[in-house]
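This report describes selected features of one protein model.

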Amino acid sequence: MNKKTLKDIDVKGKRVFCRVDFNVPMQDGKITDETRIRAAVPTIQYLMEQGAKVILASHFGRPKGQVVEEMRLTPVGVRLSEILGKEVKKADEAYGDSVKAIIDTMNEGDVLLLENVRFYPGEEKNDPELAKNFAELADVYVNDAFGAAHRAHASTEGIAHNLPAVAGFLMEKELDVLGKALSNPERPFTAIVGGAKVKDKIGVIENLLELVDNLIIGGGLAYTFVKAQGHEVGKSLLEADKLDLANSFIEKAKQKGVNFYMPVDVIVADDFSADANTKAVSIEEIPADWEALDIGPKTREIYRDVIQKSKLVIWNGPMGVFEIDTFANGTKAVAEALAESQDTYSVIGGGDSAAAVEKFHLADKMSHISTGGGASLEFMEGKALPGVVALNDK
Ligand SMILES: Nc1ncnc2c1ncn2[C@@H]1O[C@H](COP(=O)(O)OP(=O)(O)OP(=O)(O)O)[C@@H](O)[C@H]1O
Ligand SMILES: O=C(O)[C@H](O)COP(=O)(O)O
């Protein structure tokens with residue numbers, strides 16, 4: 001990586017503004033997945049051990065520039081204290097005199113968690129004034145929030161112009177793994193793209209077609225490709241205005257010599273529910289009143305085979321509606337194939353695919369699970385991430 005990291009600077013006795021991504025799933029005030037908190041711990045612990053005064057900042061949810069009581073970071077602070085085995089102070093604001101007063105009382109190795117930075121309208125607008133307000137709290141800026149690196153916000157981008165700015169360990173690792181995968185891939189290199197909408201994945205598919213040996217398509221977005229190839233898709237997800245685009249991807253794959261895999265059979269349902277009637281049908285036989293909610297058994301076998309023969313697999317987006325067990329088998333088969341293939345380096349592109357792997361208890365069998373949903377997607381599209389670009393060059 002051509003950006004400075006924590007190891008390139010001295011943080012002893014310094015006030016360090018460390019941006020993390022603590023945007024964790026929460027239900028009724030309880031954190032339901034603490035992966036992102038744990039992923040930031042190596043950086044936090046290192047800062048503590050080095051004798052820095054650690055000032056943590058994060059967004060949580062989308063409060064749209066106002067204080068939303070349910071979106072305070074208080075429960076995250078409590079959990080972080082437990083994980084670190086050390087008191088984490090929690091501020092009710094993210095800058096200003098009250099926060100400065102707390103920082104003045106901090107000893108080396110202490111940790112303070114600021115309030116949700118998105119309570120301020122300037123955060124998402126990348127307001128230079130707010131960025132200065134954040135910068136005034138600290139001597140150094142560390143960005144460890146890979147999950148938010150695709151956002152040019154005051155705490156992810158603006159602040160980096162006001163302080164020495166370096167990457168944290170999680171940021172470094174994410175960029176390293178994803179960067180290496182894309183720039184110097186072991187082959188055969190396979191990309192699996194699923195999820196709901198073609199429109200969200202256009203950039204990813206375009207970019208990956210330049211890089212991979214195999215492209216596997218699944219999930220709701222597959223049916224736009226199926227329809228584009230002249231088959232009926234019944235009530236399945238369809239983006240009728242993307243048929244030409246879908247065909248152009250298939251054409252491009254041919255030109256580039258990329259093997260393009262689409263479902264050959266699917267699980268159809270007469271209702272989008274757990275107790276719908278379901279059956280496996282070939283891709284030419286989707287009934288008009290039914291919708292395809294998962295890939296079928298033959299497709300599972302084909303995809304499994306391609307995965308097992310690959311050296312590197314990047315996976316973004318589920319193969320079906322994995323949240324409902326009846327339609328989870330396709331996604332599970334992909335996760336299992338990755339878990340079983342010891343020689344395959346597997347990179348899970350955050351978001352729903354990461355949630356699916358967790359659900360099947362296969363997370364520890366994957367080589368790398370990204371903490372960034374949107375961020376890893378943009379990275380795979382080949383886009384520059386503003387939160388990274390703004391950091392100091394080596
Ligand atoms: N055949 C299908 N019909 C309808 N919905 C589907 C189908 N297959 C998958 N889905 C749904 O797609 C959703 C995930 O797609 P989405 O594009 O939102 O996220 P994603 O691809 O996982 O992206 P990220 O990983 O970046 O979050 C899941 O909720 C899943 O239920
Ligand atoms: O959950 C995420 O992908 C990141 O925390 C970014 O959140 P956002 O999509 O609300 O900017």
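Predicted model: local features only at pLDDT ≥ 70, side-chain atom pairs only at ≥ 80, totals over all residues.

## Arginine 151 and its surroundings

Apart from residues within four places in sequence, Arg151 is in contact with Arg62, Arg118, Thr156, Pro386 and Gly387. Arg151 is situated in the loop between β7 (140-143) and β8 (165-167). Its side chain also makes a polar contact, at 3.4 Å, with the side chain of His150.

Buried means under 20% and exposed means over 50%, so a value in between is called partly exposed.

## The surroundings of ligand 2

Which residues are found around ligand 2? They are Asp21, Asn23, Arg36, His59, Arg62, Arg118, Gly147 and Arg151. A polar side-chain atom of Arg151 lies 2.6 Å from an oxygen atom of ligand 2. For Asp21, an N or O atom of the side chain is 2.8 Å from an oxygen atom of the ligand. For Arg118, an N or O atom of the side chain is likewise 2.8 Å from an oxygen atom of ligand 2. Taken alone, ligand 2 exposes 320 Å², and the protein buries 85% of that.

One "binding site" annotation covers Asp21, Phe22, Asn23, Arg36, His59, Phe60, Gly61, Arg62, Arg118 and Arg151. Of these residues, Asp21 and Arg36 are included in the lining of the largest cavity. Another "binding site" annotation covers Arg36, Arg118 and Arg151. From this set, the lining of the largest cavity takes in Arg36.

Arg36 belongs to helix α1 (residues 35-49). When neighbours within four places in sequence are left aside, Arg36 is in contact with Asp21, Phe22, Asn23, Val24, Gly147, Thr371, Gly372 and Gly373. Asn23 lies in the loop between β1 (15-19) and β2 (26-27). Asn23 has a relative accessible area of 25% and is partly exposed.

Arg62 is placed in the loop between β4 (53-57) and α2 (74-84). Residues up to four places away in sequence not being counted, Arg62 touches Met71, Arg118 and Arg151. Why does Arg62 count as exposed? The reason is its relative accessibility of 61%, because exposed means over 50%.

## The surroundings of ligand 1

How many residues surround ligand 1? There are 20, and the closest are Ala196, Lys201, Gly220, Glu323 and Asp352. An N or O atom in the side chain of Lys201 is 2.4 Å from an oxygen atom of ligand 1. An N or O atom in the side chain of Asp352 is 3.2 Å from an oxygen atom of the ligand. In the case of Ala292, a backbone N or O atom lies 3.1 Å from a nitrogen atom of ligand 1. Taken alone, ligand 1 exposes 650 Å², of which the protein buries 82%.

Lys201 is also among the residues touched by Gly194. Gly194 is found in the loop between β9 and α7 (198-209). Beyond residues up to four places away in sequence, Gly194 touches Lys201, Gly218, Gly219, Leu221, Asn316, Gly317, Pro318 and Met319. Its relative accessibility is 0%, so Gly194 counts as buried. The C-alpha atoms of Gly194 and Gly349 are separated by 11 Å, and these residues are 155 residues apart along the chain.

## Backbone features

Most residues other than glycine have a negative phi, and most peptide bonds are trans. The peptide bond from Arg187 to Pro188 is cis, with omega near 0°. Pro188 lies in the loop between α6 (169-183) and β9 (189-193).

Asp28 has a positive phi, near 50°. Asp28 is in the loop between β2 and β3 (30-31), and at 82% relative accessibility it counts as exposed. His361, which is not a glycine, has a positive phi of about 55°. His361 is located in the loop between α12 (351-359) and β17 (368-369), and its relative accessible area of 67% makes it exposed.

How values were computed: Residues numbered from 1 in each chain as written. Chains lettered and ligands numbered in written order. Heavy atoms only, no water. UniProt positions renumbered as here; feature names shortened; annotations may be inferred. 1 Å grid on protein atoms, 1.4 Å probe; cavity = no way out; pocket = protein on both sides within 12 Å on 5 of 7 lines; lining within 4 Å. Helix = DSSP H or I, 4+ residues; strand = E, 2+ residues; numbered from the N terminus. Buried < 20%, exposed > 50% of the residue type's maximum accessible area, 1.4 Å probe, protein only. Contact = heavy atoms within 4.5 Å. Near = heavy atom within 4 Å. Polar contact = N/O pair within 3.5 Å; in protein donor to acceptor, adjacent residues only side chain to side chain. Areas by Shrake-Rupley, 256 points an atom, 1.4 Å probe, with all protein chains shown as cover.
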